[in-house]
Structures are given as C-alpha cells and as structure tokens.
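The entries follow the order in which I looked things up.

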Amino acid sequence: MDDIIPKDRAKPFKWVGTRPVRPDGVPKVTGLALYGADFAMPGMLVGRILRSPHAHARIRSIDTSKAAALPGVKAVTTSADFPEQKFEYVGPERVAVNFWHVTRNIMARDKVLYEGHALAAVAATSKAVADEALSLIEVDYEVLPHVIDVEAAMRPDAPLLFPDLITRGVDPAPTKPSNISKRLEFKIGDLEAGFAAADEIVEMSFKTAPVHQAYIEPQACAARFDADGQGEIWSSSQGHFVVRALTAQLLGMKVGDLRVYPAEIGGAFGGKTVIYLEPVAAMLARKSGHPVKIVMSREDVFRASGPTSGSAMTVKIGVKRDGKIVAADGVFKFQAGAFPGSPVMNACMCAFAPYDIPNARSVGYDVVCNRPKVAAYRAPGSPISAFAVESVLDVLAQRLGMDPLQLRLKNAARAGTQMVYGPKLSHNGYAETIEALLDHPAYKAPLKKNQGRGVASGYWFNAGGESSATLHVNEDGTVVVATGSPDIGGSRASMAIMAAETLGIDYDQVRPIVADTASVGYTHVTGGSRVTFATGIAVVDAAKKVIRELCARAAMIWDVDVEGVVWEDGYAKPASSNVGDFKPLSLKEIAAKRALTGGPIGAAAAVNAGGVAPGFATQFCDVEVDPETGKVTVLRFVAAQDVGRAIHPSYVEGQIQGGVVQGIGWALNEEYIYDSRGRLENPGFLDYRIPVASDLPMIEAVLIEVPNPNHPYGAKGVAEVNICPPMAAIANAIDRAVGRRLTELPMSPPKVLAAIDAREQA
Amino acid sequence: MGTAPARVVLTGGLSRRYTGNVQEFAVEAKDLRGVIKALDRLYPGLGEHLEEETTVAIDGEIHEVGYYQPIRPGSEVFFIPKLEGG
C-alpha cells in the first residue's frame, strides 16, 4: 500500500507543488474569519487586567474591596485565587516549564518583576466599568532597584530578581545567588590546538536588542464555566492542546474538564506558544458564573508578552590561509526576562552548525532581568548567534581576500559532519543553497558608491513530534481532513494538497479544518517548523488507512478478495484481469454504497514523527547607505533555502519573505526603549518600527529542493531558518558599502551615522 | 549476542547531571527501549530523565524519543537536549 505514493518524480504529482487557492482565504479577505477577539456569548463580561507601573517592586498589599463593590463588577481575582505550584523544572531542558514561575508570570505574587506584570483582574458588564474597577484597586508597592541589560544583570552587585536563584550547570554550585539562571556548554575537538593551527583569527563582541514578534493580532480569549466544573476556552494560539494543559495545571483542573477551541490566528511567530490570558479569563468566568472575554491592547502586548532575548556575545574563529575553519569559540549571554528560560541553548547549538569545524565550543548564559519573560520567536536563539558568527566570517573572508560565499562553501556542513552538539548531520541541503546564489545573476551585478553586498547563512533544527489527523469521507465523496494544528502559514492548504495527492482526488474535494481539543487527538504546537512535516505525515497515514478501507468496500461490492483490489488515481481497480472485469469505482461511488458495505468511511492517525531534516538558508542583499543621515535602504534581497519539497510553493515563498522582512526589522530598526525607571517608552507600532512594504524591495525566494526521505512527499520545515541570516547579511553589506563594521543591533540611522563620522574623523 | 554494540553518547550536560560525567556507553539493544533500559540499570532513574528531557539522534537522524525506534548493530545514538521552535 505504501507504493501508492511515488518515490520520485517519474510519476509526476498532481497536487504537490501546485498553488491552489487557500481554503481559509475567502473568510479572511471578507472579514468573516473569527479571530480570538471575535467570539461573543450571551451575558459575556469584559475582563481587564491591572498591570504594574514599576519594573521591580515588592507588593506589600492589594486591596480589591472597592473594585468588587462597584456596581457592574461581577468578579475580581488576584494570585490568591490560583493554587500555588511546586518549584520544579518539568520537561526538556531547553523548554523546561516551572509552574512556580508560570503562575507568577500570569499573576504576580509577592513581587512584580517588570512593567506590565499582571497583578489583579476584574470582570464587569462593560469596559468602562471594568476600567473604573481597576482604578479602585489599591496596591501598596515597595519599589526596588531594577536591571534590564544582560551584562549589567550578570554583575555581582546587580539587583536580584530572586534571592535564592543559584546558577545551574556550574560545578561546584555557586554559594551565592545571582541573576544567572544557567550556564551551559557544548564542545568538540581540541580548541587550543585548533586555534594554534590557525593562520588568521578574528575575535569580536556583539550586542543585539530584544525584539518582539510583532504579530498583528493581540492575544485574546473568551472563557466560560459550567456549574459542574466543565470549562471551555476560545483563543488565538499556536497550540490549543498546550493552552488546555497549561490552563488546567494553573487552575488545578483535570485536562479532560477543559475544552479549547482554536480561533483563527493573526500572526504569532512563536509568541503564542505560551499563555497569559486564558487562566485569568477562566478564573473570572468560574468566579462570576458568566462567560468572560479578555483582549490585550497593543501596549499590553509590548509590555507584558514575551519578546525574544537581547544578548551580548563574543565569537572567535580561526582559519587556515585557504579558508578552512579550524576552530571556533563563542560565548552567548541571553536575557531570559523576568523568569528563567531564554533560547540560549538553541543559540549555542545552532551557532556553528552550518560549518564543518573540527574544534568548537559554545558557552551560554541564561540571565533573568526586569523585562517580560521571553517567548519563542522564529528559530528562537539561532538568529542571534548567527548575527555574531556570520559577521566574523565576513571579516575573515575580507582578510583572506576570499568570496564570502566561497568561504562558506569550503566549510559547508554536509551529511556526516559532526555537529558541536554531538551527532553527525544526516541530511544535505546547505551547500546547495550557496551554489544557487553563486549561480544567481544578481550576485555579480555591479554596485554604485555607498552600496554594498552582504552574505550570510543560517541553520535551524526543524521539528517533528506528536500530531493527529482524522479523515472523514462525506456522503457525496468529499473529504474532511481534521487536524489539531492551528493554521498560521497556510497549513490547511498543505494538508488538503497532501490528502488529495494521496487519495488521488481533486484538491477542491477536500475540506481541511483545525479541530478543537475534544474532536481530534493530541497535537503539539504549531511551532518549530513541524506542521507540514509531522501533521502532514499523520494526514497521509490517515489517507492511506482510508484507501485500505475503500479497497475493502470495493472488494465487497465486486464480491472479490480485498487483495484483488488496488487504488490508482482516485479509483478502486481490479489488481489484474484475473480478478474480473470491473469498471473502476470512484471514491464518490464507493461513498454512495457506504451503508451497504459497513457504514461511514473514515480513519484517524497519530504519529510521533521523527527523521526530521534541518533547514539551511543562505542569503545575499544589496544595501545603500545614505552618508548624510545614516539611513540604510535595502535594494535587493535574494534568499535561498533548502525546503525539502515545496508542498504549496506560494506559502513556502511567503514564509521565506516573511522571515526576511522580520530579519530586516531586527537588523535596522526594532528595539525596546526604556526610561531610567525601566518603563517601556515605545509600546506601539508608531515608535517600535517594523518594516512596512514601502521600506522593502521585492524579496526573491529561491527554493532549493533536497527532499527529506523520511516524509512521504519529501517536506522539510520551512518557516524559521529564513530569519537567521538577514541581520548579518545587512551588517556585512553595510561594511562593504561604507567600510564600517557595526556590531550592535539595531543598525539604526544614528548608529550608522556615528560609525561613518568615526571613520571620517579617523 | 555477538553483534557490535551501539555507541551511546549523552550530550548537553546530561552526563554532568546524571552519570558523574560518564558520557559514552556501549549498549547492545535492538531498539531504543533496550538502550534506555540498559542505561537505567547502570544509573537508576536515568531512563525517566532521558524519556522526559531528550531528543535522540540515531545515526544522525533526529527523532523524538520512542521505545520503538530500531537500533542497528554499531549504531551511534546521541541523547541531546529536546528541541523546540517558534
């Protein structure tokens, strides 16, 4: 039965690789799609959250009595309503959850740790009443010194967020607390010998600003509770099963007593893999007996939801004269925000991953500071360390007089290369992205004065894991594909394509949906670039089961053995002339006889998908620097990426273009600006400047297809690695345009101008 | 069994935390369940940590930890910190 899917392109695909209209497109462009803020129920209340005005303060007391007494207020909650959680790290190291921290993040206890930290909430009959109630809550704060910068937070005299935080990963364990939550290290080979053998060594330090995912849709949710303790939540997230698990834990509920419905999602990029509002809305609903909706404002999003880390890094790389890298060393210090858990481990593992380096080490520090707890952001950690590594490589290429793509090609990791984190790489794809750009006609195009061309690469693991899918054959032969993966980047179209290809039916005969937590099996978050790979395997597995059932039904109709039936191009056919002379039966014809042959036809499949292939990207860009203002204009951007096989090329190209745009914003403009008291001064899109269309050239996506043999159609994750190269590519282009190396993000006009002025003064 | 054992390696601080810095093991097993059982016999409790906290690379292919993963004679098995993205 597995041979129903062609293993090579000898049998051309009918749907894989085509660009049909997305099934969720019409409701989105007509405004009828239901996002998190769109749900309404009779008697629903407005929930509002009181947030800390201080970056760091002890809560001496909270008095909510006046708010609770205000007419129209139906419930008030503080941390006192939420059960205390055990202090322990649960789950994998990189994403270990400590519910003692999580419950304090959604509702402060004892201390507020950042401006915007939630510490009380109300549910009222209108927003006006709710806002008035918030103003009546009396909080007595003891304001404490705060710290935001990562290196300042690591100093021995820094204000401590937690008086008992002892650094993990250090032997022997420190005796004094600090803000350093964790130290980690990966190492292969002999670093000292490697550097001793090098002809050129470059060591540089870098800083990056924390940046927000800047999704367009703020977090929003609605919750209701029945008197029997059963709860329901509607929310916009990257994983409603994870929303269910986290909310149930924080409320002390059984997972089975909570049902979570996925809303359409207006962007996330990692920021909606965690929760803020759901437990609060659920608590208010439980206390008031009414449904409650809470919607974050844009200011709330900036002040209270997780961005990615700011960092301080030092990277040292040694090469032979022929360009062979012989040693690399990196130290990466990452802000975790108010609670431990930055993506510094990913940064350490990805930093040198594109390259075959025999002697390498990466050391990471996870550091708490008075900012919102960081959340995942597109290839979390990897873009930050890539900025440092890819900048140093550019300096080395210039010193060696070598083309920067050729330097990368000479050192490219290939199947069999040992990674700094241990195992050997088992998939190719990186060298192919470099070769594609070397062959690109624009790579040799001439540049004018004040223009420069920069190159950089990136690596991301991609992911597999647990996914479920259910296929139902409808009475008329159309098919419903239900999965548990929220659709952020067009995954419903990809699921429909893979189901149609496997079943041999038309794309428009398949209706893909995202089912709620009670209607499909457990499915992990839409994150890690895992959905087309892992959920796609579940969809194909379920389609194969349906085909087996369809063949069995055809055998019954023809009164032959099931072994005598094969499935080809959407029809059951006799396996040979010996079986008999039967007219092929379509899926529609078999569905029409479902009752006669055993009842409804459908199948479910669940996988824990492995055999993930990583993503590699290489990009070049041309920039022009205005020497009068320091403004950097991106003139051209070409982004090559190994995508395995593009199931729906338009959405793959969209992922690449989106990742590059976010990288351009990270490189040139985006940063949090704090005042001296640790209060954010730019919590909105007017002052936190993300790129808009008029800032950007057309971004050319170059799809490299090196199929992953572990996926039925060869798919690899495509959503994240594209954000890794842009910051370094732009820094490298600026250096080649004006001869100044910028090592701090964002490379905003004042910094670029200062660098140009320094050059002229020198 | 007369077959080449698998080379099993703990990375990313796992050996520091759980095995007194012993990083490499030779294990004869036909699947990952057997590998985990063998390591758990050497360091009681280690099996649960590996199941909960790691991703596994078997001959370079990265998988979620699953008992059913086959192990060939001479395979390289790396337990690495679990990976997750955005």
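Entry 1. I began with a salt bridge, in which the side chains of A:Lys424 and B:Glu76 meet at 3.4 Å, N to O; the term requires a side-chain nitrogen of Lys or Arg within 4 Å of a carboxyl oxygen of Asp or Glu. The count of salt bridges between chain A and chain B is 1.

Entry 2. I noted the source: this is a predicted model, in which local features need pLDDT of at least 70, side-chain atom pairs count only at pLDDT 80 or more, and totals for chains, interfaces and linings use all residues. Residues are numbered from 1 along each chain as its sequence is written, chains are lettered from A in the order in which they are written, and side-chain values use heavy atoms, without hydrogens and water.

Entry 3. I looked up the extent of the interface. Contact (heavy atoms within 4.5 Å) joins 38 residues of chain A to 24 residues of chain B. The two chains bury about 2,300 Å² between them, 56% of it on carbon and sulfur atoms; this is the accessible area (1.4 Å probe) lost on being put together, summed over both parts.

Entry 4. I turned to helices H2 (residues 32-42) and H3 (residues 46-53) of chain B, which pack at about 135 degrees with axes 7 Å apart. Helices are DSSP runs (H or I, at least four residues), numbered from the N terminus. Axes are lines fitted to C-alpha atoms over the stretch in contact, and angles run from 0 to 180 degrees between N-to-C directions. H2(B) and H3(B) are therefore oblique to each other, the class left after under 35 degrees (roughly parallel), over 145 (roughly antiparallel) and 65 to 115 (roughly perpendicular). Among the residues that meet are B:Ile36 and B:Leu39 in H2(B) and B:Leu46 and B:Leu50 in H3(B).

Conventions:
Helix = DSSP H or I, 4+ residues; strand = E, 2+ residues; numbered from the N terminus.
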